[in-house]
Amino acid sequence: MNSILINHKAKADINISCFGEVLWDCFPDGKRVGGAPLNVCVRLNALGIKGSMISAVGDDPLGHELVSFIDERGVNRDCIAIDPVKSTSTVQVTLDKNGSASYDIVADTAWDNIALTEDIIEQVNRADVLVFGSLIGRNDVSLNTLTALVELASFSVFDVNLRAPHYQIDSVIDLMKKADFIKLNDDELYEIAKAMGSPFNSLEQNLDFVAIQTNTDYLCVTKGSHGALLSVAGQKYYNSGYLVNVVDTVGAGDSFLGSLLYQLCSDSNPQYAIDFACAVGAMVAQSHGATPILTLNEIQAFMHPV
């Protein structure tokens, strides 16, 4: 089988490891499982690619409940540590009238302290792809583990999520330079490009500038309700978005990335990959929670209702 990222391997044999935060998003009406890398991992697994999570939870009721959810979704959790000291992470989520979220993220939790182990090294060595985000870099313990894993990875995907005050722009840029694939939103692109010294004003020019600065052939920029842009070795593919009634946007970008990687690992058509990913992101935005169950048939029907 040929695909854009993984050649000569069936979908069922592809293994993607996701490194980073697993947590509870706390809304006014209750809590829901979250964490960008976990959301990506759950979506990949639901679509048929084996996802393995590397993280940590506390030895507390929230941690045990989170692990049970991960088991229910079929995600490999061999490398999710149970921390006897640090607590399971919680995030207070506030939604504005348009369903856009802001986050208050508790500091120094279990996933901030993921130690490098032989089991984790072995899992990343076996993986075809390593997915990681920027939030994990807020603590030196997990950042040092991530830095070691990126060096081991066959192919690494950096999901930029700039959550003030939990990032340093220089550290984010350093990680971008080590990644093989970078996904970020339009606001993040402009902020990072400016920090890199970009003289440009347009999205495309700034994307090309970042590609050169980071020596990266694969980049993707999401534009909210206006879709996304995928760049593969300088060739650009666009989707202009799907019309939906937004309930909340939490996790929509994560499911977008999981769906995009699924297509890029299993098909050779980048235009269809970006169309498919935008459809899944829109479907999540019109649902409650970050990881609603969506079947391939439902996604196809959403993309092609007649």
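View 1. Two strands pair if DSSP finds at least two bridges between them. In this predicted model, 5 bridges join strand S6 (residues 89-95) to S7, and the two run antiparallel. Look for Val91: Ile105 in S7 stands opposite. Now widen the view. The open sheet has 4 strands, in the order S3-S2-S6-S7. Its pairing is mixed. Strand S3 (30-34) and strand S7 (101-105) stand at the edges. Each has a single partner strand, so one side of each is left without a neighbour in the sheet. From one strand to the next, the twist averages 30°.

**View 2. Helix H7 and its cover.** Helix H7 spans residues 203-214, 12 residues in total. From first C-alpha to last, H7 reaches 16 Å. That is close to the 16 Å expected at 1.5 Å a residue. Which residues of H7 are buried? They are Leu203, Asn206, Leu207, Phe209, Val210, Ala211 and Thr214. Several elements cover these buried residues, including helix H5 (169-178), helix H6 (186-195) and strand S10 (181-185). Strand S11 (218-222) and strand S12 (228-232) are also among the elements that cover them. After H7 comes Asn215. The phi of Asn215 is positive, near 55°.

**View 3. The largest nonpolar core.** This core has 56 residues. Those with the most contacts inside it are Leu5, Ile16, Val131, Phe181, Leu230, Leu260 and Ile274. Helix H9 (residues 270-285) gives the most to this core, with 10 residues. Zoom in on Val131. Another core, of 47 residues, lies apart from the largest one. Leu149, Ile182, Leu189 and Leu219 are among its residues.

View 4. A disulfide is a covalent bond between the sulfur atoms of two cysteines. How many disulfides are counted here? The count comes to 0. Take Cys265 as a case. Its closest cysteine sulfur is in Cys18, 11 Å away. The cut-off is 2.5 Å between sulfur atoms, so the sulfur of Cys265 is too far from that of Cys18 for a bond. Is Cys265 buried or exposed? Cys265 counts as buried because its relative accessibility is 1%. Cys26 also counts as buried, at 17% relative accessibility. The limit for buried is under 20%.

Key
Residues numbered from 1 in each chain as written. Predicted model: local features only at pLDDT ≥ 70, side-chain atom pairs only at ≥ 80, totals over all residues. Heavy atoms only, no water. Buried < 20%, exposed > 50% of the residue type's maximum accessible area, 1.4 Å probe, protein only. Axes fitted to C-alpha atoms, helices over the stretch in contact; angles between N-to-C directions. Expected span 1.5 Å × (residues − 1). Contact = heavy atoms within 4.5 Å. Core = buried A, V, L, I, M, F, W, Y, C linked by side-chain atoms within 4.5 Å.
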